[in-house]
Amino acid sequence: MAKTMKIGGADQARLRELAAGRYWSEADGRAALAAFEASGLTRAAFRRETGISTQRLKWWRQRLGATTGSIGKIEFVPVEMAPRAAAADDATMEIVLGEIRVRVGPRFDPGALRRLLDFLAEPAC
């Protein structure tokens, strides 16, 4: 007697029949999703083994409102955040040219400052 290969608890032959079928019932969609999730295979490997496209699995997942499993699974990982250095008041420069005051913060563009100072230093017409 030939041994039937199982994928995620479902017969591989049954899954191949589903893949070949044009229309699926809700039960077919649930069965295919359950087999995929239980298989532990990647989407590409599951497609190779069964012939069921990843697009079809995604469509049934959306239609059935499935929220768990391998497709679209979200995992949270711990992240350590370093405290942001506060901008010190002494990091700001102030340039006084007569009645004109220019304050420059810690992230200024030196080229833009040079052009501004050149413009301000030009004699008025």
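Student: Let's begin with R30. Buried, partly exposed or exposed?
Tutor: R30 has a relative accessible area of 45%, so it counts as partly exposed. Keep in mind that this is a predicted model.

Student: OK. Which residue does R30 form a salt bridge with?
Tutor: With E26, and the closest N and O atoms are 2.8 Å apart.

Student: How many salt bridges does a search of the whole structure find?
Tutor: Six. There's also a network of them that links R14, E17 and D28.

Student: Switching to the strands. How do strand 3 and strand 4 run, parallel or antiparallel?
Tutor: Antiparallel, with five bridges joining strand 3 (residues 93–97) to strand 4 (residues 100–104). They make a hairpin with two residues between the strands, and G98 takes a positive phi near 65° there.

Student: Which residue in strand 4 is the bridge partner of E94?
Tutor: That's R103. The side chains of R103 and E94 also form a salt bridge, with the closest N and O atoms 3.3 Å apart.

Student: What about R101 and E94, how do their side chains meet?
Tutor: In a salt bridge as well, at 2.6 Å from N to O. So E94 has salt bridges with R101 and with R103, and in general side chains of opposite charge can pair when their charged atoms come close.

Student: How accessible are R101, R103 and E94?
Tutor: R101 is exposed, since its relative accessible area is 58%. R103 is exposed too, at 61%. E94 has 37% relative accessibility, so it counts as partly exposed.

Student: New topic, aromatics. How many aromatic pairs does the structure hold?
Tutor: Three. One of them is F36 with F46, an edge-to-face pair with 5.2 Å centre to centre and 75° between the planes.

Student: Which parts of the chain does that pair link?
Tutor: Distant ones: F36 is in helix 2 (residues 26–39) and F46 is in helix 3 (residues 43–50), with the two residues 10 apart. Both F36 and F46 are buried.

Student: And W59 with W60, why is that pair edge-to-face?
Tutor: Because their planes are at 80°, with ring centres 5.1 Å apart. The cut-off for edge-to-face is over 60 degrees.

Student: Last one. Which residues make the nonpolar surface patch?
Tutor: V77, V79 and M81, and the patch covers about 370 Å².

Student: Where is M81 placed?
Tutor: In the loop between helix 4 (54–64) and strand 3. M81 has 71% relative accessibility, so it counts as exposed.

Methods. Residues numbered from 1 in each chain as written. Predicted model: local features only at pLDDT ≥ 70, side-chain atom pairs only at ≥ 80, totals over all residues. Heavy atoms only, no water. Pairing = 2+ DSSP bridges. Helix = DSSP H or I, 4+ residues; strand = E, 2+ residues; numbered from the N terminus. Phe/Tyr/Trp six-rings, centres within 6.5 Å; stacked < 30°, edge-to-face > 60°. Buried < 20%, exposed > 50% of the residue type's maximum accessible area, 1.4 Å probe, protein only. Patch = residues over 30% accessible without salt bridge, like charges linked within 9 Å, V, L, I, M, F, W, Y side chains within 5 Å. Areas by Shrake-Rupley, 256 points an atom, 1.4 Å probe, with all protein chains shown as cover. Salt bridge = Lys/Arg side-chain N within 4 Å of Asp/Glu carboxyl O.
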